[in-house]
Structure formats: C-alpha cells, structure tokens
2 protein chains.
Amino acid sequence: MSTHRIDCLQYANWSEKIFRQMREGAVDAVHVTIAYHENFRETVLNMEQWNRWFEQYPDLICHARTGADVRLAKQDGRTAIIFGFQNPSPIEDDIGLVEILHTLGARFMQLSYNNQSLLATGCYEVEDPGITRMGKQVIKEMNRVGLVVDMSHSADRSTIEAADISERPIAITHANPHSWHPALRNKKDDVIRAVTQNGGMIGFSLYPHHLKDKSACTLESFCQMVADAADRFGAANLGIGSDLCQDQPDSVVEWMRVGRWTKEIDYGEGSASAPGFPPMPDWFTDNRDFGNIQSGLAHVGFDEGEIAGIMGENWLRFFDANFGRME
Amino acid sequence: MSTHRIDCLQYANWSEKIFRQMREGAVDAVHVTIAYHENFRETVLNMEQWNRWFEQYPDLICHARTGADVRLAKQDGRTAIIFGFQNPSPIEDDIGLVEILHTLGARFMQLSYNNQSLLATGCYEVEDPGITRMGKQVIKEMNRVGLVVDMSHSADRSTIEAADISERPIAITHANPHSWHPALRNKKDDVIRAVTQNGGMIGFSLYPHHLKDKSACTLESFCQMVADAADRFGAANLGIGSDLCQDQPDSVVEWMRVGRWTKEIDYGEGSASAPGFPPMPDWFTDNRDFGNIQSGLAHVGFDEGEIAGIMGENWLRFFDANFGRME
C-alpha cells in the first residue's frame, strides 16, 4: 500500500500491545491526545512519558512534527505519533507557551473542551459568546507557528467564528454530522461547512456516543454517513479521527469529563446508569480494524482515490500545509 | 572573514543596542545564559522572552541549535544565539526535563553553580564529594541527547569526575587558569587537563574577578595567559567565554550570587566594599572589542590558524560534535 493510513485522534491507555496493533493495522500516523485538563507542567510530564516510549519502542513508533516525518515513518515501518491537546489548558494564560509547545511537538490544540475556556466556548455551555479577546490573539499565534486550531468539543458559534478568524484552515479532528446522530458533540451542517469550505478537515469519530445507534451502529450506516458528507462537503475534506480510547479504565472518562473544574459528577455524553466508556462497535475495536472501514467505504461507492484520501492522504496533505511556520 | 567568531558565554541585559553591537563586532554566535537559579517554568518564561526577541530582531539574531545553524547565521549576517544554563535548576528533580529542554534549544548546562546541587558540587563549598547518584544519571542522559556538561562554577573533584564519567567531551565555558590568577572560580591545571585531554574545551573569561589585576588586567597579560595555556593544553581546546554581563544593574549580580538559597548577602567573588559588577578592562567592554583580543593573540605569537581556532573555530567544531544525538 503506497497511500498513508492516518487516525487523527486517539487517547488510548498506551502500551506495547497497542503500538504493535498500530503496526498490524498498517496505521502510519496517529494524532494522540497529550492533555485534557493538564496545565503546562503536567503536559510536559506527559511528553516526557512519550519520550520514554519513543526510546523503548523505536521499531514501532516515532515522534512526528511534519507530514514528511509521517512519510519517513511509513518507509521505516513505524507509526508516526503527532501530539495534540483537547483543551487549551497547557498554555495556561500565557500566549508565549503556544510557540514553546509547538517546538515540543504540539500540532493540534482544541480552543475549548465542553466548557467555556479562556479562548472559546465548549459544546455543553448554554451560552456561546464566541471567540474571546485572548482567543483571537491565540488563533493568530497558532497560525504563525503552525499549531492547528481544533474545534471538536467547541460550541457552534465559537467554531464558525474560529474558522472565520483563522488565516489558515482549521480542523474538527473527531466528530460526526449532527444530521446523522444529533449528539451535542456532533456538528451541524453550517458548522462543518464553515470549517471545510476554506480547506479545513473533519475527522469522523468511532466513539459510540457519536454514532447512530451507538455501539450497535453498523459499518454500513457509518460509511453511508461518510458518503452523504462527501456529497455535501467534498470528499477531499474528510478523514478519520476515531477517538479510540482503548484499554482505558472508566476513571479516565470521568477525568476527561470533570477534570478539576467541578466537585460533582458530570456524565457528559454518558448517564448515571451508563457512566463508563461505551463498548466499541464490533467492526472497530482497535487499530487492526481500519481495513473494515476501508472496505466499507468501497461498498458505499467511493472510488480508490477518494478512499485513499479519507483513510489518510487528506490528513497528510493538511499536515503538509499547516504544521509549519506561516509563509 | 571566512572563519567564525564565537563567544561561549554572555549574560547581558539584552537589548537592540547589544544585538547591533554583536553585528558590529562580527560575532557570529553567542552562548547566552537562560537560567541561573530559575526552575523549569521560569526558564521557559526566559525562552519565551528570547522568542520575542527573535521575532522582533530577525535581521540581527536567530536561534541556533547546531553548528550548521551558526554557519547559516553568518551567511545571513546574523548572530546565532545558543541557550545554556549556569545551574541544573531548570531540570528540577526530573531527568525527563533534560530531553525536553534540549528540544527547546538548551545546549550547555552547568552541573552546579557555586553551591552543592542535586548533581555536583560548586566551587565555593568546603567539601566536594564528587558527582552524585542523580548526577551520574543526568550526565548519561545529557550525553544521549546532546546537552553539553559545563563545569565552569563547579568544584575540582566534581569537575574531574564529570570529565571522566561523561562519554562525550565536556566544557568549562568561562574561566581562566588558577595558575595565572588564583580565584576560587579559576581552574587548576589538573582540572583543565582532565577536561581538555579528551576533547573538552575551556573558554577564557574576561570577567574582572577572573583576571590577573582584575579590571586593570592588560590585554598582553591576558593573551600571554592564553599562549601559556596553549603550551600546556593545546591551542585546539581553547576558546573565548567572555562572561560579559553588559548593562546589568548590580541587583542582577546579587541574584546570581544568592538566588533564593539564602536570606543573607553572599558577595561571591566581590566583597562588602565592592558588591557590584566590577568595571570591565578598557580593551574589552562590549561585543565590538573582540578585534582587540584577536590582535593581541597575534602579538603574543599565535599563527593565523590558531587564532581562528581560539576566536571561534574550536567552539564551532565542538558544537558540531556535541550538540546532536549520540551516534
């Protein structure tokens, strides 16, 4: 296979087992979440852990900062790891940390995670006043250094404004169309259009709360959703961002949801009766299952070039254009 | 001039004026101190300040991570800035920060600054028990990533042990021979020999407390000291590390000496009657005066190749060999 297979979001309980499954699944690059609610120092500790894994498993994984690094990784038979944050907490209140964290490898940063942040509004807030004063400054700085604005967990107005304010394409790394499954986290058509019409990307999520019929979602339904999205937004702006949280204990989904911002339980997309991670659909349980999606896309009528794009080449082209300094 | 002029230590009160003087003095690279007693976060703040200066003065300075970057800077007519620490405080108690800080550009780190550190002993301690358990681990990690061990402010035994333990050459970036001027900070011959005999470097200091006759030291005396050192240690292992602290208020020398480790005043190399920065010798007051040293070296009998080496080519060769990952 000469084209690249890329998953633009995972947050697994990383292990040698999972890294080997990435190789078995021929996954050439994975955008991994380094921070949910972590501050700068805690984020650096997470990077230190990744540095240890790069030292321990040099035949399986390597750190990628550019599209070229992804191509090299594929040539070497390794999976390229790309760092990202689901929240702007790593930059704290300090715009200078945008460049510092980019230097350390960060390539995606969400402007908000479910709640209001210093920069933008999250998708669970009642009110969305749009991009803040600091948010405008930080988008400009992210554009300058090549840190991609990710609005996966942001609210509608904030997302549309971010797409408009940003001088470079932005991304929704992991979500699905609201028209297919009306979860708060899924994106309405005008939001997806605002992102994709200027070269931005949406990565489709396999997280059951984002799927029609949740864990019982069929491969065909998922792939037909991708086909419908291609009709509306263009196949060149679509990719995968599986949101795979493999092997995580349920304590982690609680951390993702409540961080340190509340003393009460917040069930997010779950509920009191189903507070943990939902079971994955049986056709996508780990990195070895990307072939199922590839086959499913063929089954709903995509041609070879479109499938190569959705399975990774579209993300790779996006990385090439958006991970470096602004020209 | 096709050879490179390099100063392997300055800690000025940086400004556009000083950056312009670097260009006037044809200084191709400067190793700048980023931290004395700063912890990790404070060190990152200092790097952020440098990032601002790189943005503000792109025609004068640029950030260098390799010898190749120094050559490019010279071609562009800019001064290459290399980051270093005078203390291991930026890594706190966390060996993982060695690689993180190297990724952010750090290329020299002193294992101790005057006092005992977690890694080694400083030159003002009464007892020097040598390199600590953590010190041995950190030297190994510094060797791995390409962060140079600098022992300028360390005690004798610790320095000799560091030279022995390190698998790569180490440096004394700024000090002079004790035999010429017996300051506690200057280095005895066996210490210099331990460093230079395996490819290490010593950079000669212009800081008056390190000079014979201090501020009244003559250019000829300084250059004759260099000639004597070349006889004993080889001209190829010598360079300049001026320790220029231009435009700093006296509050800064107090910070350098006392940091946060004492509530009492410690005068270091100064005294109660002369607590501030001493005046520089009149033949070396700022970056425009490197030509005086170059002329002085010719006057005491060095040949053209030796002068080129001492003025920068020796440091450049050392950077090429020691700033990258261990092969």
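Trainee: How many helices and strands are there in chain A?

Mentor: The model is a predicted one. In chain A, the secondary structure comprises both kinds of element, with counts of 11 helices and 9 strands.

Trainee: What radius of gyration does chain A have, and why does it count as compact as a globular protein of that length?

Mentor: For 327 residues, the globule rule gives 20 Å. The value for chain A is close to this, so the chain is as compact as a globular protein of that length. Its C-alpha trace spans about 45 × 40 × 40 Å along the principal axes. The radius of gyration of chain A is 18 Å.

Trainee: Is A:Gly324 buried, exposed or partly exposed, and why?

Mentor: A:Gly324 lies in the segment after α11 (304–322) of chain A. A residue is buried with 20 or more other C-beta atoms within 10 Å and exposed with 12 or fewer. A:Gly324 has 15 C-beta neighbours inside 10 Å, so A:Gly324 counts as partly exposed.

Trainee: Which residues does A:Gly324 touch, not counting residues up to four places away in sequence?

Mentor: A:Ser251 can be located relative to A:Gly324: the two are 73 residues apart in sequence and 36 Å apart in space, C-alpha to C-alpha. With residues up to four places away in sequence left out, the residues that A:Gly324 touches are A:Thr66 and A:Gly146.

Trainee: Which element gives the most to the side of chain A that touches chain B?

Mentor: In this interface, 11 residues of chain A are in contact with 11 residues of chain B. Two elements of chain A give two or more residues to that side, α2 (40–56) and α4 (96–103). With 6 residues, the element that gives the most is α2(A).

Technical notes:
Residues are numbered from 1 along each chain as its sequence is written. Chains are lettered from A and ligands numbered from 1 in the order in which they are written. This is a predicted model: local features need pLDDT of at least 70, side-chain atom pairs count only at pLDDT 80 or more; totals for chains, interfaces and linings use all residues. Two residues are in contact if their C-beta atoms, placed from the backbone, lie within 7 Å. Helices (H or I, at least four residues) and strands (E, at least two) are DSSP runs, numbered from the N terminus. The radius of gyration is taken over C-alpha atoms; the globule rule is 2.2 Å times the number of residues to the power 0.38.
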